[in-house]
Amino acid sequence: MNLFSLSRFRAVLVKEFIQMRRDRLTFAMMIGVPVIQLLLFGYAINNDPRNLPTLLELGEESKVARAVVSGMDTSDYFDFQGFVFGPDAGDKALREGSANFVVVIPPDFERDILRGLSPELLVTADASDPTAVGSAVAALSGIVETAIAQTLDGPLTAVAGRPPPFSMVVHKQFNPEGRTATNIVPGLLAIILAMTMVLITAVAIVRETERGTMETLISTPVRSTEVMLGKILPYVLIGYVQTLLFLIMAKILFNVPFEGSRMAFFVGFNIYVVVNLALGFLISTLVHTQMQAMQASFFLILPTILLSGFMFPFAGMPGWAQAIGTAIPATHFLRIVRKIMLKGAQMADIAIDLRAIAIIGGMIVLIALLRYRRTLD
Amino acid sequence: MSDVAVSVKGLTKIYGHKTVVDAIDMEVPAGSIYGFLGPNGSGKTTTIRMMCGLLTPDAGEGHTLGYDIQKQAREIKERVGYMTQKFSLYTDLTIRENLDFMARMYRLPNRKKVVTRTIEELGLSGRGNQLAGTLSGGWKQRLALAAAMQHKPQLLLLDEPTAGVDPKARRDFWDEIRRLSKEGVTILVSTHYMDEAIQCDNIAYIAYGKLLIHGPAREIPARVGLTTWRVDGPDLIPLEDELRADPRVEQVARFGAQLHVSSTNAKALEELVAEQRKKDKQHRWVKKEAELEEAFIYLMTTAADNFTPNGEAKP
Ligand SMILES: Nc1ncnc2c1ncn2[C@@H]1O[C@H](COP(=O)(O)OP(=O)(O)O)[C@@H](O)[C@H]1O
Ligand SMILES: [Mg+2]
């Protein structure tokens, strides 16, 4: 006997489509939720993040430079990650998301200050999260001033009280106008998909148990893979519709760009949707009623919103929260979407996030298939 | 095919602390109509589910159509038609869509034709696009039977197929069952209607998880061992009360204008009849052949007496 029957797979598939079409409420929800969320979050959310990963490019070894490093290290705003050499390395780190800031202390910085030449301190900021930038830039200015005051107090007492002896040039990348919506909107896609996809699949499957139709379904020779694929595929298509709608609205209402590779987006999107559906399938194997399925999905959506980097910059979260966040598929997809839409990322730039989603997804699918009962026990 | 369609030994299912099916041995001869009787909650559904591989037994073993019920569930499912107690086709799918779904599940060739024919045989031509959920109880039952039969299974497991259906629909349903039986399909049907039990070739009676009796229908009354006397005449109600109070009478059942008075102790009953004949000339006492009806009423009441005190089994 063959391991997979196309006929039975189609049976489930066709049935799901029909049921989906007849279930008006779910259908309305699938379209309504993304729209409402987009409007709410897009317009309403604002925050003041801390501990942003920062790289430093040192043009000189001086007391001032060292004081700046230690000043950044102790500040709340920055999380000093290390040094970079050359502008390319800095750009790459920003695009991949491993740093939010690259600060360049030019050669002869200390000497120029002492001479009163007001040298330029160059800060390149990932402005795709604009709220992070403004306050951090202000903080940086203070840190550098303190550093200078501490190390050069003798020679510089003359300059004290006057405007800073250096000028700061801030280069905002990815979102030069610094609009919040530009950052929130792409992240929201990850959240919306997680919410609707998980919930809808879980409910669609639990409904079979609740209405008793599961008994007929499993009294046929159907296999768990046939049920799982047949159930999931229609909702993948729903995910497509949601995303398309979303991208169009993001462009028209919020003027969010789409800079990167469409192919990379397509790949990441598909993997992410499947992982969420598998998660919904897994939930359905753990609960008995549609109500419980809803509660479980809701329970999962909270950490997804709070810990994925959607609400608060991921780098700014405490270690335990980051650990939980890393296990959440949305965390990685959110990075993919932001990188691609705002930073022009290509396939290679999102490889690391894809791998993370694939690993999480693989585990979910495995557990779901093991948990799926071919009996009524 | 062997001459046994289902055979189970020591079949047991435990939910929590409650033994819902308690070491049941049962054989369903191939080609028979096998009646599976017992009050509500006695474990019929659970037993049937184990027979077709939907539930894993906690003890015991069994074979359905020669396949192991624990290891070869898929082979069993391919060859068995199972009609659940509660209607469990999709209410939000039409009649045709439901049948089409089932046809695909069993990978039937010429699916479209098969489905159309099923609908015609059901007598639902022209209503194929009606939602299954809008059918009346009797029609739902027939649709469920048709769906379970569409892949021409060798064995039909029908779990209380006629519960809550009007008498006319019940009679039609049984006509259909007998027709299928003539075609060689083995049918196991659970019920708690006695008039349906009478239509079966073989009968098993289960109460509170225990199989009390099983065998060919005509042997059941003898196995129960009841002696029954029929009484007729005027004013049966006072007499009925009097007989019920008599310890020598185990069972009084009313059938129209007659009372059937039974006991497993034939001697004691004869004594009573002699006394009654002497003091009461109005009523006529005739000894009658023991029948299934009395046997079942007896089984039911004794089962209740034996098992309710432990408080576990539900009514
Ligand atoms: N999944 C279950 N969990 C716990 N108890 C159950 C379950 N299914 C059935 N039971 C109990 O097992 C007993 C037998 O049920 P069932 O097999 O449905 O009886 P019947 O079909 O004869 O009415 C009942 O008391 C019922 O409450
Ligand atoms: Mg039952």
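Buried means under 20% relative accessible area, exposed over 50%, and partly exposed in between, with a 1.4 Å probe and protein chains only. Keep that in mind. This is a predicted model: local features need pLDDT of at least 70, side-chain atom pairs count only at pLDDT 80 or more, and totals for chains, interfaces and linings use all residues. Residues are numbered from 1 along each chain as its sequence is written, chains are lettered from A and ligands numbered from 1 in the order in which they are written, and side-chain values use heavy atoms, leaving out hydrogens and water.

Salt bridges to begin. The criterion is a side-chain nitrogen of Lys or Arg within 4 Å of a carboxyl oxygen of Asp or Glu. The whole structure has 39 of them over all chains.

Take B:Lys288 and B:Glu291. Their closest N and O atoms are 3.3 Å apart. B:Lys288 is buried at 12%, while B:Glu291 is partly exposed at 38%. Elsewhere, shared partners join A:Lys15, A:Glu16, A:Glu208 and A:Lys231 into one network.

Next pair: B:Asp68 and B:Lys71, at 3.6 Å, N to O. B:Asp68 is buried, at 15%. B:Lys71 is exposed, at 71%.

Then A:Glu61 with A:Arg66, at 3.7 Å. A:Glu61 is exposed, at 65%. A:Arg66 is exposed too, at 51%.

Now the metal. Which protein atoms are donors to the magnesium ion, ligand 2? B:Thr45 OG1 and B:Gln85 OE1, lying 1.9 to 2.1 Å from the ion. Donors here are N, O and S atoms within 2.8 Å of the metal (3.2 Å for Na, K and Ca); water is not among the atoms, so sites may look incomplete. B:Thr45 is buried, at 16%. B:Gln85 is partly exposed, at 38%.
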